[in-house]
Amino acid sequence: MSPLTNKGARQTAAITETKLKRLATDIRKGERAALAKGISIAENDPAGAAELLGLLGRPGSAFVVGVTGPPGAGKSSLVDRLIESYRRRGLKVGVIAVDPTSPLTGGALLGDRIRMTGHTGDRNVFIRSMASRGWTGGLSRATSQAIRLMDAAGFDLILLETVGIGQSDIEVVGVSHAVIVVLMPGLGDDIQVSKAGLMEVGDVYVVNKSDLEGADAMVVTLLSLFRGSTRSPPVLKVSAVSGAGVEGLQGAMEAIRSKFISGEREMRLRSIRGMIIETARGAAMARFSDISESRADRLARQVMEGKLSIESAAAKLSA
Ligand SMILES: Nc1nc2c(ncn2[C@@H]2O[C@H](COP(=O)(O)OP(=O)(O)OP(=O)(O)O)[C@@H](O)[C@H]2O)c(=O)[nH]1
Ligand SMILES: [Mg+2]
């Protein structure tokens, strides 16, 4: 049974309904400790999270921006810059940094924390790292729920950083209203960029590290890629380190945000659609992880003995 509908398990779980109600009230008041607790529930107790979100009701008005791109492109540094400029405009900013567990990007957790510590004393900035634990389905659901919790807590803008290495990492940003794809000079040929699906998801493309050689060439590569497509998203050159071009990026994002504020249906629908998909994906993955190893062993023996095909065994296992 899906953990999202497992009411029986709820009754025996640690968090009582009274506590969840109090938590929902505190989250709506914007209390940080309550929000942190709510996100932990989203990470560890899918049924509790579903109940909590049910208590919180209709979504608020947070504008959700996904920030994705290859490891080390400068996403966290740029997020840090964006926090600064949105704070100057008086917005309450939430950040979810998804920490990949891939050995390729090991140490990202520490990196994210270090690069965003400038805001630790600011009550209007809430930064949360979520470990992917190599389990994308669960991550998708928890991420999507964390966004809704921050939204309920009154954040105006939520930045969601994910590493765009694989399709599933990129799909996580499908819950956003707008997506910034962060690239950098010398990333290699266009095929590499388009293969990861990054060329489809971005509303704004950033060539970060413009202080380094090769930024112009990267911009030219991107523009030429879009010439063959039906879209022509902005391609901006930025240096998160020097701050050059950050205002331009901010301007491009504000143009998108003002469409969102004026009630652009498509953008809202896209995010809700993404959240439904990610939550369903999470539930499916959770169901899958319940699959018993011993059943798989039994099925393997039947396949070996020629009694069953791999396909029918897989169908039986996932039934
Ligand atoms: N020269 C230069 N270096 C930069 C710039 N922006 C970021 N960096 C450096 O690039 C490295 C990676 O930056 P991060 O912001 O951690 O990149 P990231 O994309 O968040 O990395 P992961 O989360 O690990 O994928 C750090 O050493 C930064 O200091 C830039 O504009 N110019
Ligand atoms: Mg990062």
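**Entry 1: a lysine in a helix**

I started at Lys316, which lies in helix 15 (residues 310–318). For helices (H or I, at least four residues) and strands (E, at least two) I took DSSP runs, numbered from the N terminus. What I am reading is a predicted model, in which local features need pLDDT of at least 70 and side-chain atom pairs count only at pLDDT 80 or more, while totals for chains, interfaces and linings use all residues. Residues are numbered from 1 along each chain as its sequence is written, chains are lettered from A and ligands numbered from 1 in the order in which they are written, and side-chain values use heavy atoms, with hydrogens and water left out.

My cut-offs are under 20% relative accessible area for buried and over 50% for exposed, with partly exposed in between (1.4 Å probe, protein chains only).

I then looked up its partners, taking contact as heavy atoms within 4.5 Å. Beyond four places in sequence, Lys316 touches Arg295, Leu299 and Leu308. Leu299 is 17 residues away along the chain from Lys316, and their C-alpha atoms are 8.5 Å apart.

**Entry 2: confidence**

I checked pLDDT, the predictor's confidence in each residue, from 0 to 100. The average for the protein is 83, and 82% of the residues score at least 70. Residues 1–12 fall below 50, and that stretch has 20 contacts in the model beyond near neighbours in sequence. Residues 102–111 also stay under 50, with ten contacts beyond four places in sequence. I left those details alone, because where pLDDT is low, the predicted coordinates should not be read in detail.

**Entry 3: the overall count**

I noted 15 helices and seven strands. Of the 319 residues, 46% are buried. Among contacts between residues at least 6 apart in sequence, 78% join residues at least 24 apart.

**Entry 4: strand 1**

How many residues of strand 1 (residues 63–69) are buried? Seven of seven are. On one side I found Phe63, Val65, Val67 and Gly69, and on the other Val64, Gly66 and Thr68.

Two strands pair if DSSP finds at least two bridges between them. Strand 1 runs parallel to strand 4 (residues 157–163), with seven bridges, and Val64 stands opposite Ile158 there. Strand 1 also runs parallel to strand 5 (residues 178–183), with four bridges, and here Gly66 faces Val179.

**Entry 5: the nonpolar cores**

I counted as a nonpolar core a set of buried Ala, Val, Leu, Ile, Met, Phe, Trp, Tyr and Cys residues joined through side-chain atoms within 4.5 Å. The largest has 46 residues, and Leu159, Ile180, Leu249 and Met253 touch the most other members. Another core, of 32 residues, lies apart from it and includes Ile27, Met130, Ala142 and Phe155.

Which residues does Leu249 contact, leaving aside neighbours within four places in sequence? I listed Leu78, Leu82, Ile180, Val204, Val206, Leu236 and Val238.

**Entry 6: a loop residue**

Lys209 sits in the loop between strand 6 (204–207) and helix 11 (215–227). At 25% relative accessibility, Lys209 is partly exposed.
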